[in-house]
Amino acid sequence: MTEHHPALFEPLSIRSLELPNRIVMSAMTRSASPGGVPGPDVAAYYRRRAAGGTGLIITEGVAVEHPAAVDNPRVPRMYGDDALAGWRTVVDEVHAAGGRIVPQLWHVGPLWGAMSAVDPAITPMRPSGRWGSAGTTSYPDDYIARASRPTRPMTEDDMDEIVAAYVRAAVHAAELGFDGIALHGGHGYLLDAFLWHDTNTREDRWGGDALARSRFPARVVAAIRAAVGTELPLFFRFSQHKQQDYTARIAETPEELQVLLGALADAGVDVFDASIRRFDLPAFDGSDLTLAGWAKKLTGAHAMAVGSVGLGKPLRDSRIEGAAAVVDNIGEVERRIDAGEFDLIAIGRLHLADPALATTLRTGAPLTPFSRAVHEGRLY
Ligand SMILES: Cc1cc2nc3c(=O)[nH]c(=O)nc-3n(C[C@H](O)[C@H](O)[C@H](O)COP(=O)(O)O)c2cc1C
């Protein structure tokens, strides 16, 4: 049988993680874990992608143990015996099918209350009490009006508590046999809210220039690295865009990006997961290098690209939107991996459409179009 797309099927080792190929299932919230507990259907869902040949699965966002971490009770958590037992089954099933899996640890920070009605007694965690300036966004006006009211800025105690929560979640994940740890540091959530000047107007050591803004996320990374040791790879998702404003940026120039990401790499990040809507978009004027390409070039760490692989229409926000027809842009992914621009390609919606996506790519079979009607609310 002809092997299609050979660059996608080159193995890669990152610390103890040995990947048979470059195809990664991107983190996707499915809200299918009642009470925060991933059940057998969640395990079967991930197992299908492992059996389908996907090199690495990054789970949906998983809550760390903090009252304002996630506002949706169907989002899974990485604490409590019931949820941890559920994750053990997920990990075991993925491994039994020959796959590898990393949890994406999540604290929504300023966006607390965006998914569900929230307990008003709980304070959202915002570096400076700010939700951020609303720009191009899909959030409804009434939510923005409520969320934009300032809340109290995070205290040093809040920060200590949250670092400890991330560390506990990472240690649980390591004990359960996950193959690495991923952090959600993009899209306007907590860690990103430190990186973004609009949500971080602090005048202490946690705010100010790019180096100061990276300090809290870097502290979380360093604390996790110290707790889990040197074997497990750490992934860090970052983005220019925010759900508060798709046009927002954390770095106006490559120099500024170098400061932000350099601090995170020094703290222990192995792979930068550069979240954009289309994997081939240039990140800065004057170069066709993508955000993932810059992350790799500026830090020397590994980098992962994402966005509209195989699909003609980008995702507008974190909800599943509409339908997207298939386009053949896999050759361009390969060209960039071959050129060393980035190392891994994360694929979201096509992994919902086709659990055996990696096999489909390897054999050159036709891609399955994505349709919200077929895939929303259904764990297949
Ligand atoms: C249903 C759904 C849920 C998502 N949830 C998350 C999430 O929990 N964490 C995250 O970092 N990104 C999330 N995303 C974004 C995806 O990881 C990915 O970056 C995005 O879908 C673009 O890739 P695609 O064009 O291949 O779908 C989600 C996307 C979808 C479609």
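The shell around the ligand divides into 9 nonpolar, 10 polar and 3 charged residues. Here Ala, Val, Leu, Ile, Met, Phe, Trp, Tyr, Cys and Pro count as nonpolar, Asp, Glu, Lys and Arg as charged, and the others, Gly among them, as polar. The model is predicted: local features need pLDDT of at least 70 and side-chain atom pairs count only at pLDDT 80 or more, while totals for chains, interfaces and linings use all residues. Residues are numbered from 1 along each chain as its sequence is written.

**Ligand shell**
- The ligand is surrounded by 22 residues, and the closest are Ser-26, Ala-27, Gly-61, Gly-348 and Arg-349 (a residue is near a molecule if its C-beta atom, placed from the backbone, lies within 6 Å of it).
- Strand S4 (56-63) and helix H11 (349-353) are the elements that give two or more residues to this shell; helices (H or I, at least four residues) and strands (E, at least two) are DSSP runs, numbered from the N terminus.

**Overall fold**
- The protein has 13 helices and 12 strands.
- Its radius of gyration is 19 Å, close to the 21 Å that the globule rule gives for 380 residues, so the protein is as compact as a globular protein of that length (the radius is taken over C-alpha atoms, and the rule is 2.2 Å times the number of residues to the power 0.38).
- Along the principal axes, the C-alpha atoms fill a box of roughly 60 × 50 × 45 Å.
- Of the 380 residues, 51% count as buried, where buried means 20 or more other C-beta atoms within 10 Å of the residue's own, exposed means 12 or fewer, and partly exposed lies in between, with C-beta atoms placed from the backbone.
- Among contacts with a separation of 6 or more, 77% join residues 24 or more positions apart; two residues are in contact if their C-beta atoms, placed from the backbone, lie within 7 Å.

**Core and helix H8**
- The largest nonpolar core has 111 residues, and Leu-105, Ile-181, Phe-272, Met-304 and Ile-345 have the most contacts inside it (such a core is a set of buried Ala, Val, Leu, Ile, Met, Phe, Trp, Tyr and Cys residues joined through C-beta atoms within 7 Å).
- Helix H8 (residues 254-267) gives the largest share of this core, 7 residues.
- Leaving aside neighbours within four places in sequence, the contacts of Met-304 include Val-24, Phe-272, Phe-342 and Ile-345.
- H8 has 14 residues and reaches 20 Å from its first C-alpha to its last, close to the 20 Å expected at 1.5 Å a residue (the expected span is 1.5 Å times one less than the number of residues).
- The buried residues of H8 are Leu-257, Leu-260, Leu-261, Ala-263, Leu-264, Ala-265 and Ala-267, and the elements they pack against include helix H7 (215-228), strand S8 (271-275) and helix H9 (291-299).
- Gly-268 follows H8 and has a positive phi, near 135°.

**Loop residues**
- Arg-74 is in the loop between S4 and helix H2 (81-96) and is partly exposed, with 16 other C-beta atoms within 10 Å.
- Arg-74 and Gly-36 are 38 residues apart in sequence and 5.3 Å apart in space, C-alpha to C-alpha.
- Beyond its neighbours within four places in sequence, Arg-74 is in contact with Ser-31, Ala-32, Ser-33 and Pro-34.
- Ser-31 is in the loop between strand S3 (23-25) and helix H1 (40-51); its phi is near 50°, a positive value in a residue other than glycine.
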